[in-house]
Amino acid sequence: MSYRRAYEYMPEYYVNFFESCIRSIKEDGRVGMLVPRSFLFNQTLESFRSDFVGEGGSFDFLAEFGYGVLDNATVGTAGTIVRKGSQKETDGTFIRLHDINKEDKEKIYLNSAFNSVEEDIKRVFRVSLDEFQQIPGTPICYSLPSKARELHNTNLKIDPSVPGIEGTGVSDVKVGMQTGNNQRYVRKHWELTESGSRPFTNAGGDVWVLPQVDEMINWEQNGKRIARNSSARFQNSKYYEREGLTWAYIKRTGRRFGYYPKGGVFGHASNMLFAEDGLSPWLLLGALNSDLFHGLMLCLTPERRWESGYIGRLPWFRQLEKSEELEKKVQEQYELFIQQRVHDINSPYYIGPELLPNSKNNDFWYSTHEHAKLVSIEPGELFQTGVAKNTLTELAQQAENSERSRREQIENLAHEIDSEIFETLNVPSTVQDQIRQEIWLRTVEDPEDRIVGEAVEITENSEEFEEMVKDLIHHFTLVALQENSDGVIPISDVNSENNLLDEIINQFEQSFGEDADDRLIEADRVLGSRSPDEEAYPNLRAWLEDDLFDYHVSTFDRTPILWRLTSTRLVSDPTGEGFACLLDYHQLDDGLFDRLSNRYLEPRKALLRERRSAANRRRNDESLPTSEQAAAAETYTRCESGLEQIAVLEDRFGDLAEPTPRDWPAEAQETAAATAERVAEFRDRTADRLDALDSLAARDDVDMTDLFSPSFYETVEDNREEWLDALDDLEAACRAYAADGTEPVDAHLYDLFDYYDDLVGSDHYASNGILFPTYYYDGLADEIDTRSDSDQTMIGDSVAHGDGSDGVAHGDGSDGVAHGDGSNGVAHGDGSDGVDTGTGSGRRRLIADLASDLGSYVDLAAEIGDACEDLAAAERGDWAARARAEITTAGYRPNRKHGVAINVAPLVDAEIVPKTVDDHVV
């Protein structure tokens with residue numbers, strides 16, 4: 001017996017077992033069972049629930065146990081008793097136990113079931129079963145107040161098309177794209193400065209009102225490169241780069257929705273919601289983040305996953321659209337959140353650290369970011385810290401006070417938004433309290449989370465203050481590196497060059513003027529306990545040398561744009577550091593190692609030799625105290641080790657600058673060269689057919705729908721640009737691979753070999769590939785051969801006779817075709833394209849052109865396909881290997897579009913970067 005004949009409901013073990021039990025008992029009998037809690041709201045079990053709150057039976061009793069009932073099981077459970085037969089009871093009894101600790105569940109259950117015990121939290125509920133039918137999906141949301149269930153009973157929904165329910169939608173809920181390889185296409189936004197990328201959200205981080213968007217996606221050629229990846233899925237692409245709302249798909253609280261400005265792309269893990277014309281996205285944002293709508297969502301599911309189907313089921317209320325204040329308040333929240341982010345260096349809205357005087361910054365750090373460009377408030381208005389005369393602790397205290405004030409304003413606005421929505425929809429205060437209690441019980445949110453405490457007092461010993469000082473120095477380092485003409489700052493002493501400590505001191509002086517020394521002393525005290533007896537800022541120097549880079553790697557989420565080169569890993573038992581410097585990732589180029597050798601290593605070696613010579617004299621000077629001789633001996637050893645390290649470092653630089661040819665056999669080169677010629681021919685023949693098709697479509701006496709099919713020409717129009725562009729790119733790929741292994745090959749070109757099969761498709765009419773028109777062209781050839789001129793209503797019904805015998809006027813007396821321009825043998829009706837659009841004399845020729853040589857055309861496509869398979873098989877390795885080969889084949893040539901991890905990998909292999917990079921970056 002098939003499953004469908006045996007069971008009425010979907011294949012789910014416990015549901016099918018329930019069904020079997022119901023069959024085995026008499027009418028009015030009962031079945032008791034322990035089931036997963038998801039039974040209460042799972043969308044796929046709607047039909048089963050509907051039967052038992054309708055005519056199929058009734059829930060006599062249900063206890064929601066939650067977690068901890070079954071040993072070693074990480075699933076929430078519910079115990080239920082269901083009565084068989086037509087509904088006898090209109091009400092069901094429900095007991096809430098999901099929020100009780102495992103050891104107390106039994107006691108609370110017994111007290112709730114058999115004793116009248118008053119608690120702050122309601123445990124026993126008596127609910128009319130038909131109330132559940134008001135809610136799409138019939139979830140058993142017994143603990144929500146009746147008013148919340150009643151509000152679901154409206155025809156207006158957020159987007160009923162997603163769950164497939166009846167109703168009128170007020171927005172479009174859409175799933176985003178799958179790149180097939182985020183490592184390849186998605187970058188942290190600070191990795192990129194060039195154009196060709198777009199902001200990208202994938203629902204990570206905090207989303208409330210202002211989502212944390214720290215990624216960019218490669219959007220060259222409007223995303224075509226991604227679309228050609230066989231693993232990618234472009235879904236709902238017409239919504240890309242539009243403003244909308246995104247939400248956190250997985251979270252244990254509410255307040256999940258945020259405004260996503262125009263210009264960005266969204267991923268499949270970050271569904272988005274686009275308001276209908278006339279409905280403000282700000283109003284929608286305020287409503288969806290409100291406590292009421294959180295309660296409405298809890299009616300649908302108490303789980304942390306808010307799938308698009310649940311969002312689409314949410315109700316909407318036109319009354320809310322009459323309020324202008326709601327929109328204004330949400331926009332105020334948004335601006336306050338931007339102000340909060342101006343000190344977050346990972347945010348597109350970063351301006352500067354909290355301890356930087358407000359006179360020193362008047363623009364966004366990432367000023368080219370699409371989202372920063374859209375901010376209407378001037379950066380100077382957003383960046384309000386303090387003045388240079390303030391001490392660092394005073395600046396820190398002002399930052400703490402300002403941050404607290406903004407959080408308080410944000411919470412106050414949220415409360416005002418909640419109150420207005422409740423009031424507009426006539427929700428009594430008692431019901432408001434019940435909804436909020438449900439939020440506290442069903443999520444990890446606590447009422448205390450919304451209370452903004454008093455500002456913390458900042459002192460030099462505060463952890464917050466130490467972090468702020470490090471952020472200031474980190475910012476100064478980035479500024480100094482960016483301002484440096486070659487993107488290099490030595491950490492080691494180098495003759496005639498400022499080292500990193502010098503640059504930081506300069507930055508303090510530029511920002512704090514005459515108070516710079518005092519601010520430096522403050523910072524130095526926070527960073528350590530070394531005494532400034534022998535040097536001015538010993539703790540600052542030590543932190544810059546030992547800890548800054550690790551701090552940067554951590555702060556920039558393991559994607560550093562400040563690179564540290566070091567020589568210490570190049571020799572065994574090094575004494576000291578022979579050479580170290582910082583590099584600006586965005587200024588890397590193929591001349592890096594020459595520049596480092598000539599400008600920095602040579603002067604550094606000269607300095608070490610001078611110091612070694614002086615130390616050598618002092619260590620052998622018997623007139624000096626033993627302690628001074630010993631110190632000189634240590635200096636001598638450090639210089640010796642440093643010079644040894646630099647010698648190896650120079651060798652590594654030389655190795656990196658040397659070409660690393662790809663292993664690319666001559667046979668593959670020949671295949672690529674021959675294929676390039678075939679692709680060029682195929683492209684030309686495809687373009688010729690498309691031109692002929694356009695000429696045919698331009699004729700007044702041709703109906704393309706009758707001649708082909710209703711969607712034929714539209715499909716061609718939608719795809720022609722990609723067909724020709726992709727063939728151009730495939731030819732370029734073949735020519736690149738026709739070169740020997742010493743020539744770099746762009747990593748993305750390989751994709752064209754895999755993409756080719758999708759590009760050409762088949763000659764079936766349902767395909768969208770280059771070959772699909774041949775299905776129709778082949779039919780036209782049959783018509784040309786079999787139909788008489790008198791019945792050629794689709795291919796021409798009048799032909800001018802040039803010699804009175806063949807029905808074709810001879811323009812040159814040889815080919816029987818009148819030449820409109822004397823060159824192509826086609827009569828020009830308007831003197832421009834060689835087609836007589838007035839008399840129809842060119843239709844037959846155009847159709848003949850389309851139908852001619854189809855066999856050789858298809859064979860050529862197949863030959864190219866076979867060659868593409870061979871070339872793809874010959875090019876071993878994944879994208880990362882190809883990208884790395886691209887930057888090393890002709891010697892180290894960084895390419896920032898491949899990201900930090902790929903570009904730094906050769907330096908990791910050469911062991912000229914700290915071990916931190918090995919462990920946390922690549």
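Biologist: Is lysine 188 buried or exposed?
Modeller: In this predicted model, lysine 188 has a relative accessible area of 13%. The cut-off for a buried residue is under 20%, so lysine 188 counts as buried.

Biologist: Which residue forms a salt bridge with lysine 188?
Modeller: The closest N and O atoms of this salt bridge with lysine 188 are 3.1 Å apart, and the other residue is aspartate 214. The pair links distant parts of the chain, 26 residues apart, with lysine 188 in strand β9 and its partner in the loop between β10 and β11. That partner is partly exposed at 24% relative accessible area, and its name is aspartate 214.

Biologist: How many residues apart in sequence are the parts that arginine 843 and aspartate 701 tie together?
Modeller: The side chains of arginine 843 and aspartate 701 meet in a salt bridge with an N to O distance of 2.9 Å. Arginine 843 lies in helix α28 and aspartate 701 in the loop between α23 and α24, so the parts that are tied together stand apart in sequence by 142 residues.

Biologist: With the side chain of which residue does arginine 96 make a polar contact of 2.9 Å?
Modeller: Arginine 96 lies in strand β4 and is buried, with a relative accessible area of 2%. Its side chain makes a polar contact of 3.2 Å with the side chain of histidine 98. Arginine 96 also belongs to a network of salt bridges that links residues including Arg37, Glu64 and Glu438. The polar contact of 2.9 Å is made with the side chain of glutamate 438.

Biologist: What is the relative accessibility of serine 496?
Modeller: Serine 496, found in the loop between β16 and α17, has a positive phi of about 65° although it is not a glycine. The cut-off for an exposed residue is over 50%, so serine 496 counts as exposed, its relative accessibility being 78%.

Terms used. Residues are numbered from 1 along each chain as its sequence is written. This is a predicted model: local features need pLDDT of at least 70, side-chain atom pairs count only at pLDDT 80 or more; totals for chains, interfaces and linings use all residues. Side-chain values use heavy atoms; hydrogens and water are left out. Helices (H or I, at least four residues) and strands (E, at least two) are DSSP runs, numbered from the N terminus. Buried means under 20% relative accessible area, exposed over 50%, partly exposed in between (1.4 Å probe, protein chains only). A polar contact is a pair of N or O atoms within 3.5 Å; within protein, one must be able to donate a hydrogen and the other to accept it, and residues adjacent in sequence count only if both atoms are side-chain atoms. A salt bridge is a side-chain nitrogen of Lys or Arg within 4 Å of a carboxyl oxygen of Asp or Glu.
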